[in-house]
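Work through the following exercises with the sequence and the model side by side. Each one sets a task and then gives a solution in steps.

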Amino acid sequence: MQKKWWHGKVAYQIYPKSFYDTNGDGIGDLRGIIEKLDYLKDLGVDIVWISPCYCSPLADQGYDISDYYKIDPRFGTMEDMDELIKEAKKRDMYIVLDLVVNHCSDEHEWFRKALADPEGPYGKYFYIEECKDGTLPCNWRSYFGGPVWEQIPGTDKYYLHVFHKKQPDLNWENPEVRREIYKMINWWLDKGIAGFRIDAIINIKKALPFHDYPSDRDDGLSPIHLMLQEAEGVLDFLHEMADHTFKPHNAFSVGEVFNEKPEELPEFIGDDGCFSTMFDFNETIFGSSPRGWYDSTPITPDDYKRCCFESQRKVEDVGFLSNIIENHDEPRGVSRYIPEGDCNDYSKKMLGTISFMLKGLPFLYQGQEIGMENITFQSIDEVDDVSTLDEYQVALKAGLTPKEALKAVNRLSRDNARTPFQWSAEKNAGFTSGTPWLRVNPNYTEINAAGETARENSVLNYYKKLTALRKDPAYADTIVYGRLIPFLEDRHNLMAFFRKGENQTLLVLANYQSEPQHVTLETPCRKILLNNYEDAGIKDKEIVLKGYQALVLEM
């Protein structure tokens, strides 16, 4: 594996709307990110991924972009962005932006011109089909529910949108579209950003000509993944994009990739792959049901272990994964992956230890480092997320009561991760002096950055130890490049693995339950590098792990 500049780094995702508000309008902004760069530096963060802050009507919270070259006034100005890039570089930090090019907003200039003249050049920037008898070109279901086709008012023409109807899909088969996208990417890279997180990118390749697939619900529609399984040629587009943009700039790129075929992994993230890395979603997709969120299966500790090891084996000799426990599209990891009733500082630290010690690039999501948890919505009226609102309706149609449907979607709602960052125990968690755009989690008085900074054994200070260990010259090579070898893999509720370097072996032990667990080591421990308890419980080669205890040992 070729060594790259980003391999030993720690990454952090910011959802700008909910990070820090400096002007009192209830919405986070770029100046808020600038003000908190020292907080991130102190945490040990190197790469900062900022979710979309481009101009957008916010139908899907910024993932519907109306102008790729402008900052939305809600978040600040281009001058603020320039200052952010400059201030980050002063701290040896790197700014990464979201690249959303499967679709744009229906308010983008390209789509407006397409609507004005569907037969003209801009009509070919999108998928626009004539349906004289009202029969849609295919029965695909959009990710947010309903058909992927929306009628252009006053015509018999329809346009394709695999996400929200305000997110028309760009036609990547059109070379002019690709040229415009590459020009925009290079414009940002020339400005000084370090790279991109690439959104929903597998969707750019459609299985053409349009045709139906078997339906899995009463609506007669088919899940979009059936089309993606059949579509071929996406890597041709992605390699072309990398050759024209990322590679000449030595840029960092992390793909949001679902539905990849195992044999394609080297082309995605190998030494000559189209991306630097891609996120591991094995844990996040576990237990999903074609019927909807209400029918999903909660993940167990043993399931979580199997998912992690499966991903690690898949890429061991291929490339780097980016490891997450949450992001802006998922609920809070500690509420999802820790059994109900067991969410506490010990279990939160344990989960963080597992994530950081896996091979790959660790990605923190804002608030993860202080142990932020899911919020409980009292009413569906409190929900903002379009996906949650759709799944609530799916649950009601399946026969759940409103109370049952609300509980079902609460567990997986994207709004759980979008509640404002909890900076302090002051009003609105110190996020804003105004009215926050989304309700603050009431537990902010107990869980907040200020309180945890001051408390020696807090989750925040433990994450600082994790980032410091990853960068410790004595262990960095093993943690970054060492092989991952499972240990006692079949042991119930124990997640244990070695990280083996050329001349060094580390052992990670995580007791994934509240009851103590006994472990016998193969060789004595040389040194305890990390422990989420004060007492390690080690006697020679015998260890008694306390509930949710995590240890990193040098063997």
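Predicted model: local features only at pLDDT ≥ 70, side-chain atom pairs only at ≥ 80, totals over all residues.

**Exercise 1.** Within how many Å do the axes of helix 13 and helix 14 come, and at roughly what angle do they cross?

Residues are numbered from 1 along each chain as its sequence is written, and side-chain values use heavy atoms, with hydrogens and water left out.

*Solution.* Step one is to locate the elements, where helices (H or I, at least four residues) and strands (E, at least two) are DSSP runs numbered from the N terminus. The axes of helix 13 (residues 386-397) and helix 14 come within 9 Å and cross at roughly 140°, axes being lines fitted to C-alpha atoms, for helices over the stretch in contact, with angles running from 0 to 180 degrees between N-to-C directions.

Step two is to classify the angle: under 35 degrees counts as roughly parallel, over 145 as roughly antiparallel, 65 to 115 as roughly perpendicular and the rest as oblique. Helix 13 and helix 14 are therefore oblique to each other.

Step three is to list the contact (heavy atoms within 4.5 Å). Helix 13 contributes Thr-388, Glu-391, Tyr-392, Ala-395 and Leu-396, while helix 14 contributes Pro-402, Ala-405, Leu-406 and Val-409. These residues divide into seven nonpolar, one polar and one charged, where Ala, Val, Leu, Ile, Met, Phe, Trp, Tyr, Cys and Pro count as nonpolar, Asp, Glu, Lys and Arg as charged, and the others, Gly among them, as polar.

**Exercise 2.** Describe how helix 12 packs with helix 16.

*Solution.* Begin with the geometry: helix 12 (residues 345-357) and helix 16 (residues 459-471) pack at an angle of about 20°, with their axes 10 Å apart, and the two helices are therefore roughly parallel to each other. Next come the residues, with Asp-345, Lys-348, Lys-349, Gly-352, Thr-353, Phe-356 and Met-357 in helix 12 meeting Val-459, Tyr-462, Tyr-463, Leu-466, Thr-467, Leu-469 and Arg-470 in helix 16. By class, this contact has seven nonpolar, three polar and four charged residues.

**Exercise 3.** Describe the packing of helix 3 with helix 5.

*Solution.* Helix 3 (residues 78-90) and helix 5 (residues 175-191) pack at about 55°, and their axes lie 11 Å apart. That angle makes helix 3 oblique to helix 5. From helix 3 the contact takes Met-78, Met-81, Asp-82 and Ile-85, and from helix 5 Trp-187, Trp-188 and Lys-191. The residues of the contact of helix 3 with helix 5 divide into five nonpolar, no polar and two charged.

**Exercise 4.** Which residues lie nearest the centre of the second largest pocket, and which helix gives the most to its lining?

*Solution.* Of the 28 residues that line the second largest pocket, Ser-335, Glu-340, Asn-374, Lys-407 and Arg-411 lie nearest its centre. On a 1 Å grid over the protein atoms alone, a pocket is an open set of points with protein on both sides within 12 Å along at least five of seven lines, and lining residues have an atom within 4 Å of a point. Helix 14 gives the most to this lining, with seven residues. The lining of the second largest pocket comprises 14 nonpolar, seven polar and seven charged residues.

**Exercise 5.** Find the backbone features at Pro-209 and Ala-429.

*Solution.* The peptide bond from Leu-208 to Pro-209 is cis, with omega near -5°, and Pro-209 is found in the loop between strand 9 (195-198) and helix 6 (224-230). Ala-429, although not a glycine, has a positive phi of about 60°, and Ala-429 lies in the loop between helix 14 and helix 15 (449-454). Most residues other than glycine have a negative phi, and most peptide bonds are trans.

How values were computed
1 Å grid on protein atoms, 1.4 Å probe; cavity = no way out; pocket = protein on both sides within 12 Å on 5 of 7 lines; lining within 4 Å.
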